[in-house]
Amino acid sequence: MEEQILPETDVAELELEAVIGFNGHVPNGLKCHPDQEHLIYPLGCTILIQAINTNEQKFLHGHGNNVSCLTISKEGDYIASGQVTFMGFKADIILWDYKKRELIARLSLHKGKIEALAFSPNDLYLVSLGGPDDGSVVVWSVAKRDAICGSPAAGLNVGNATNVIFSRCLDEMFVTAGNGTIRVWELDLPNRKIRPTECQTGQKKRIVMSTGMADDDSFFYLGTTTGDILKMNPRTKLLADTGPAKDKFSLGVSAVRCLKMGGLLVGSGAGMLVFCKSPSYKPIKKLQLQGGITSITLRGEGHQFFVGTEESHIYRVSFTDFKETLIATCHFEAVQDIVFPFGTAELFATCAKKDIRVWHTMSNRELLRITVPNMTCHGIDFMRDGRSLISAWDDGKIRAFAPETGRLIYTINSAHRIGVTAIATTSDCKRIISGGGEGEVRVWQIGCQTQKLEEALKEHKSSVSCIRVKKNNEECVTASTDGTCIIWDLVRLRRNQMILANTLFQCVCYHPEEFQIITSGTDRKIAYWEVFDGSVIRELEGSLSGSINGMDITQEGGHFVTGGHDHLVKVWDYNEGEVTHVGVGHSGNIMGIRVSPGNQYIVSVSADGAILRWKYPFAS
């Protein structure tokens, strides 16, 4: 990652306080550590280690691209994680020391993507499976941190292998499975060879999604896309039984876990969690969760276990009463916007795709979720009185919700032709200013029961990306992707000043004294402008690569923060024009950033669904 090189050496690091995020699409990505106190899961390029009881978080940084698989050794001393990378490049496996929370070694051989990883039962070996462009299986020595041997993972006339699972007793046996292929491998260490044996499934042709090994190695179980389970014998390499015969699991069996006391925990792609036993595989206990289940991880023997779903929910389920508790949730789409209510840092709201969520700042808990199916929310703003949360949607509507209950208060239909792309409110709560995809800026009068269009201001030629209103509500500034920022007079409802630059403007802020504005966008420059005559005062180089998408200024105006495609959060001194602090932690493009009222935190949101809370570096 060339982009993550920090600028000048005297720049301090921002302190990361908390992360709200979990990538639920990683198969078996959620793991409960054998100490039974910590959950380990991926988010973008980062791996989070979260204490179950205290919610204290630690971060493992080291991957240059998204983490694609994760595994923990039996004793819990080692963590191994693999990543995706660009076509033809080597994808790294990183071996971590769990206790020291640090990187031990980088293992690179595979190209493109690491599909799956598994440790041998006595931590002697690590086996890795390359992605579709690589197609090889490699056994690594954990002690020597080096490859022992490798081989193509699947035969010539079958599909790719996507799953690997180690024997629970022998260090020399593991199983790979995938599209039409199930192989049991034996490691011959003196000759440095691994030898596969194809498993016979007779007439059944299946694509394997998930695997589980019994504790005594007597059988292993394979969950398929068809929605049934194959039970195989690793010694005879024959099919023992399959099921269920009738009601197969909808959208495939995406997770399988064997329990010590016998029986299986099965998760389906439709979010159904089932406890069942061979050979009938009929549900003995079942539970419907939200989102397709991608990981089931046991805490200890399995009296309690954790389930991760594609919609980025983490549930805790106790085995005896089979009831779920939602312990963590976050956005599973790109987060578009973040906003604090006026004058309080206790909560904030974010929007992503079809969701608007309200979060409690200190505990990272979701307080409220508002969902409008099949729509995309582009921007949100709190009314100054805190009674409504105004949102801009791609179906051209402005919707206002009650922030405590999520009740829809009113809708302004067809507010804009090509979707509403930006929104702002005035501090007297009587007006909403909205911008659309066609470039119009519209001023709406909001009464107790009525919403009336006051004026449509047609100047911009392309979509409006950001709107900020002056404190006295007499003026506002709109930034657009046509390369102009326009300062509007909200009393006479016409244009005061126009700012031109060769860039797609993404964000704009008033300096608190309101005689200057700062803008930024795709040309990576941060520009200071005179409000009075629209002349440029100075330009700063905002980032080394990629657009700047978010910007916010403190209440005093001494510092401002920016974030963008380089994944870095930067704190700037306004007068000096120098970066004072840099925050490294995002693994997606930063879409929005805000300083909390009272200057306690900086909250930034990114395209991988993460919300990061940073400690504001200066005493207010």
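**Strands, hairpins and the loops between them**

Tutor: Let's start with the whole chain: of the contacts (heavy atoms within 4.5 Å) between residues at least 6 apart in sequence, 42% join residues at least 24 apart. Keep in mind that this is a predicted model, where local features need pLDDT of at least 70 and side-chain atom pairs count only at pLDDT 80 or more, while totals for chains, interfaces and linings use all residues. Residues are numbered from 1 along each chain as its sequence is written, and side-chain values use heavy atoms, with hydrogens and water left out.

The protein chain has 57 strands and 0 helices (DSSP runs numbered from the N terminus: E, at least two residues, for strands; H or I, at least four, for helices). Its radius of gyration is 27 Å, close to the 25 Å that the globule rule gives for 620 residues, so the chain is as compact as a globular protein of that length. That radius is taken over C-alpha atoms, and the rule is 2.2 Å times the number of residues to the power 0.38. Along the principal axes, the C-alpha atoms fill a box of roughly 85 × 55 × 45 Å. Buried residues account for 58% of the 620 (buried is under 20% relative accessible area, exposed over 50%, partly exposed in between, with a 1.4 Å probe and protein chains only).

Valine 317 faces glutamate 324 in strand 30. Strands 29 and 30 make a hairpin with 4 residues between them, and phenylalanine 322 in the turn has a positive phi of about 50°.

Positive phi turns up in loops as well. Lysine 353 isn't glycine, yet its phi is near 45°; it belongs to the loop between strand 32 (347-352) and strand 33 (355-360) and is partly exposed, at 38% relative accessible area. Asparagine 473, another residue that is not a glycine, has a positive phi of about 65°. Its loop joins strand 43 (464-469) and strand 44 (475-480), and at 14% relative accessibility asparagine 473 counts as buried.

If you're checking omegas, look at the prolines. Glycine 243 and proline 244 are joined by a cis peptide bond with omega about -10°, and proline 244 is in the loop between strand 22 (238-243) and strand 23 (253-258). Serine 278 and proline 279 have a cis bond too, with omega about 5°; proline 279 is in the loop between strand 25 (272-276) and strand 26 (283-288).

Threonine 85 counts as buried at 18% relative accessibility. Setting aside neighbours within four places in sequence, threonine 85 is in contact with Asn65, Lys90, Ala91 and Gly112.

Notes
Two strands pair if DSSP finds at least two bridges between them.
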